[in-house]
Amino acid sequence: MAARKGRKRTCETGEPMEAESCDPGSESPPQVYLPGKGPPLAEGEELVMDEEAYVLYHRAQTGAPCLSFDIVRDDLGDNRTELPLTLFLCAGTQAESAQSNRLMMLRMHNLHGTRPPPSEGSDDEEEEDEEDEEDRKPQLDLAMVPHYGGINRVRVSWLGEEPVAGVWSEKGQVEVFALRRLLQVVDDPQALAIFLRDEQARVKPIFSFAGHMGEGFALDWSPRVPGRLVTGDCQKNIHLWTPTDGGSWHVDQRPFVGHTRSVEDLQWSPTEDTVFASCSADASIRIWDIRAAPGKACMLTTATAHDGDVNVINWSHREPFLLSGGDDGALKVWDLRQFKSGSPVATFKQHMAPVTSVEWHPQDGGVFAASGADNQITQWDLAVERDPEAGEAEADPGLAALPQQLLFVHQGETDLKELHWHPQCPGVLISTALSGFTVFRTISV
């Protein structure tokens with residue numbers, strides 16, 4: 001949430017934000033800040049974060065910004081809510097020069113929750129806070145390997161006991177990297193030092209495919225068939241990867257044909273081994289079945305899914321729903337049982353710029369999150385209905401204009417690119433942006 005300084009409207013993070021005036025004589029109460037829904041900040045006002053809207057909030061930077069990342073599942077347990085948290089990410093940089101890029105394993109640990117506001121006259125508490133401030137500092141460890149060229153997208157999967165990363169390079173090839181060694185050393189400071197000194201420069205991909213006709217962004221591992229992969233490029237082609245004995249892949253040189261412009265995102269069905277979805281800058285969403293020949297594999301099409309490019313899609317693991325986000329700023333929910341109709345079952349318009357990432361909550365079937373080029377992260381719940389007796393609209397007419405399913409608006413990032421829910425830490429969201437990584441959990445989810 002956020003607040004303006006002067007009055008108070010909140011804005012760095014949280015549903016609305018508050019704003020406070022920098023005028024020391026100002027007595028006006030905080031005001032909720034609604035992006036695009038109210039007056040712009042006045043002179044002397046600034047947005048401040050409402051810390052009470054967060055259970056957890058941390059930021060981290062890794063040098064060059066990362067366009068894409070994925071969460072690496074760990075053996076620390078599922079459904080963990082006890083703080084401090086530890087989590088592992090695999091990310092790729094977009095550095096200014098091709099040779100300055102890195103594929104990275106990040107270990108974020110000692111992630112404590114936000115502190116409650118201090119009670120009045122609590123001198124003893126203040127002294128204790130100062131003493132344990134050092135103990136509460138978040139920690140970041142990095143294991144990096146060189147990568148020639150910026151990394152457009154990173155997706156992690158497990159081949160049995162072996163973690164691997166699929167990497168789309170701006171140089172036009174898709175590579176697969178083994179992650180076992182990176183995971184080992186990022187958790188051991190002594191081993192990490194040896195690795196960075198002696199090994200990192202020698203790490204190479206275990207497989208590489210240069211058959212795409214240019215760079216791309218779309219890439220997804222099958223959640224049902226270990227090692228099965230689809231990749232899509234900016235030249236409208238999609239290729240299927242099939243794992244072979246000996247830890248390699250056979251990539252079908254015949255592309256899946258149907259899109260007329262860049263393939264922006266790909267998603268395997270969580271319930272059917274042979275079905276995947278794609279979206280494109282041609283405004284369409286298509287459903288494919290790999291049992292058919294690539295030229296005949298497109299089974300369903302919504303030709304005008306958005307007004308312009310469809311940037312991202314995400315397939316729910318709990319409901320027969322596909323979520324999409326486009327250059328038009330719209331978020332759309334598609335019921336795959338009614339996909340032939342060409343009409344979404346829900347459309348939400350809160351973002352004021354292209355949507356850059358969408359993802360369903362891994363445990364709660366009706367909850368999802370989205371990020372946009374307007375530097376907002378929004379959280380939604382399809383099950384929410386406004387309480388007609390709450391009187392909210394009378395208290396703040398601006399809130400009445402918001403979609404009732406909108407739970408929270410997080411702000412304060414610059415040039416947001418991608419977000420993911422942590423599959424083992426309920427409610428924890430991680431995002432990457434030009435301004436770095438943010439790990440947070442709101443009071444709403």
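1. Basis. The model is predicted: local features need pLDDT of at least 70 and side-chain atom pairs count only at pLDDT 80 or more, while totals for chains, interfaces and linings use all residues. Residues are numbered from 1 along each chain as its sequence is written, and side-chain values use heavy atoms, with hydrogens and water left out.

2. Pocket lining. At least two lining residues come from each of strand 6 (66-71), strand 10 (151-159), strand 14 (216-221), strand 18 (263-268), strand 22 (310-315), strand 26 (355-360) and strand 30 (416-421). Strands are DSSP runs of E, at least two residues, and helices are runs of H or I, at least four, numbered from the N terminus. The lining has 24 nonpolar, 13 polar and 13 charged residues; Asp, Glu, Lys and Arg count as charged, Ala, Val, Leu, Ile, Met, Phe, Trp, Tyr, Cys and Pro as nonpolar, and the others, Gly among them, as polar.

3. Arg-155 forms a salt bridge with Glu-418, the closest N and O atoms being 3.2 Å apart. This pair links strand 10 (Arg-155) to strand 30 (Glu-418), 263 residues apart. Both residues are buried, that is, under 20% relative accessible area, with exposed meaning over 50% and partly exposed in between (1.4 Å probe, protein chains only). The salt bridge criterion is a side-chain nitrogen of Lys or Arg within 4 Å of a carboxyl oxygen of Asp or Glu.

4. Other salt bridges. The whole structure has 18. Arg-107, Asp-141 and Asp-187 form a network. In the pair Arg-254 and Asp-252, the closest N and O atoms are 2.9 Å apart; Asp-252 is buried at 16%, whereas Arg-254 is partly exposed at 49%. Lys-137 and Glu-134 meet at 3.5 Å, N to O, with Lys-137 partly exposed at 41% and Glu-134 exposed at 53%.

5. Residues 303-337 are 0% helix and 49% strand, with end C-alpha atoms 17 Å apart. For residues 348-382 the values are 0% helix, 51% strand and 10 Å.

6. Thr-260 and Lys-236. Thr-260 sits in the loop between strand 17 (248-251) and strand 18 and is exposed at 57%. Beyond neighbours within four places in sequence, Thr-260 contacts Lys-236 and Asp-282 (heavy atoms within 4.5 Å). Lys-236, in the loop between strand 15 (229-233) and strand 16 (238-244), has a positive phi near 80°.

7. Cis peptide. The bond from Leu-83 to Pro-84 is cis, with omega near 5°. Pro-84 lies in the loop between strand 6 and strand 7 (85-93).
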